[in-house]
Amino acid sequence: MALPGSLNRYLLLMAQEHLEFRLPEITSLLSLFGGQFTSSQETKSPFWILNIPSEDIARNLMKRTVCAKSLFELWGHGKSPEELYSSLKSYPVEKMVPFLHSDSTYKIKIHTFNKTLTQEEKVERIDALEFLPFEGKVNLKKPQHVFSILEDYGLDPNCIPENPHNIYFGRWIADGQRELIESYSVKKRHFIGNTSMDAGLSFIMANHAKVKENDLVFDPFVGTGGLLIASAHFGAYVCGTDIDYNTVHGLGKASRKNQKWRGPDENIRANLRQYGLEKFYLDVLVSDASKPSWRKGTYFDAIITDPPYGIRESTRRTGSQKEILKGIEKCPESHVPVSLTYHLSDMFLDLINFAAETLVLGGRLVYWLPVYTPEYTEKMVPWHPCLRLVSNCEQKLSSHTARRLITMEKVKEFEGCHLIPPFNTSVLGGVSWMSFCPQDL
């Protein structure tokens, strides 16, 4: 791939978890801040060489990502120490000088992946860089500039090579937002449910949706509001709906161990208040996602949701006797069911249609799709003519089940746009759901 000469080269050090989610997150964030993903690196590696237009865009990227650990301005790269030194000697001196002058302080760190070096080996590698024009003073506690040597020893912990596959040297720019995973941990949250979304995945979903300040974000299956919290952290105003009255109002039995009933301060608003985000909370309504409850129009910059799959949380919708002719024989004549089974086929049909109708142009829908792995194909991903598939990432749940994080972007106005009739069916846990694909039209 030919790389534009005007772009600066950066080295991105990735976290080695949720591997499939990393590329869509970085690509989405670069797009949000005016950049474009250009890299010829193997994306399974923790080291990615990116070409980014400016350091400001690079810093903005690191203020959002939870998949990346650190970012460096890349000064040199090689497959051996000799190649690295040659690369460093060819790096423009005028780009080095602002960070190496006599009034500056610095330190050099060593980072290795899949191997541990002794202190003597680390010192040896640092001393070998004496040809660089460092004129400042070393300050190990509070340096103005931090430089790093990064060595990649491959991905196989059972076959560690004696010499690294790749060696990098660069100036540290910024760290990612990995600390959010711990600070927003569900374990520390006031209000949780059986299916509260993991904090890390919540932030990944918000990044896939390109959530930004002053956006309006909606979750039609809001539950305990974990996805609203992640969006609000990035400055979006949030709202949602759920069919479960007790969950919306924080009533009923608690999900925590050794706690029988939910307390008075266990609700979605309290969760946002816990993180200082209450000002971004609009409201949450008790509502049935299968019933039209919004006026026609485009309202939302993003719809982010985790629909119930019928495993730990049942899939339900409101109904009446007229809608359950087959099931009425099982109920007393005087009984009117409060809710009916909401089949996954109908749920995803409604969700895709709702997103196509209510998202602004360019807005994104991000949701989880359960799949039975042995029968899964890409043709099973729901499709709509108003929505473009951006990414499709797998999270394995067991040897034969998984869920896929689907990101779609609205590319066409809803008027005159109709959902394509389903033609393919898959089964998860005995519940059928339909899917659509433009290739088969």
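Which residues does Leu 12 touch, not counting residues up to four places away in sequence? Select Leu 12 and you will find Ile 26, Pro 46, Phe 47, Trp 48, Leu 50, Met 62, Ala 68, Ser 70 and Leu 71, where contact means heavy atoms within 4.5 Å.

Before going on, two notes. This is a predicted model, in which local features need pLDDT of at least 70 and side-chain atom pairs count only at pLDDT 80 or more, while totals for chains, interfaces and linings use all residues. Residues are numbered from 1 along each chain as its sequence is written, and side-chain values use heavy atoms, with hydrogens and water left out.

Buried means under 20% relative accessible area, exposed over 50%, and partly exposed in between (1.4 Å probe, protein chains only). Helices (H or I, at least four residues) and strands (E, at least two) are DSSP runs numbered from the N terminus.

Next, colour the open sheet of seven strands, whose order is 10-9-8-11-14-16-15 with mixed pairing. Two strands pair if DSSP finds at least two bridges between them. At the edges, pairing on one side only, are strand 10 (281-286) and strand 15 (387-396). Strand 11 (residues 300-305) runs parallel to strand 14 (residues 359-372) over five bridges; select Ile 303 to see its bridge partner in strand 14, Leu 365.

Move along to strand 9 (residues 237-242), which is largely enclosed by the rest of the structure because five of its six residues are buried. Four bridges pair it in the parallel sense with strand 8 (residues 216-219), and Asp 219 has Gly 240 of strand 9 as its bridge partner. Strand 9 also runs parallel to strand 10, joined by five bridges, with Cys 239 opposite Asp 283.

**Helix 1**

What does helix 1 (residues 19-32) touch on the sheet? It packs against strand 14, strand 15 and strand 16 (401-410). After helix 1 comes Gly 34, with a positive phi near 95°.

**Strand 7 and its partners**

Now select strand 7 (residues 166-175): eight of its 10 residues are buried, so the rest of the structure largely encloses it. Strand 3 (residues 68-78) runs antiparallel to strand 7, with eight bridges between them, and Leu 74 stands opposite Gly 170. Strand 6 (residues 145-152) is also antiparallel to strand 7, through six bridges; there Leu 150 has Tyr 168 as its bridge partner.

**Last stop: Thr 105**

Finish on Thr 105, in strand 4 (residues 105-113). Is Thr 105 buried or exposed? It counts as buried because its relative accessibility is 18%. Beyond its neighbours within four places in sequence, Thr 105 is in contact with Lys 137, Asn 139, Lys 142, Pro 143, Gln 144 and His 145.

Note on methods:
Axes are lines fitted to C-alpha atoms, for helices over the stretch in contact, and angles run from 0 to 180 degrees between N-to-C directions.
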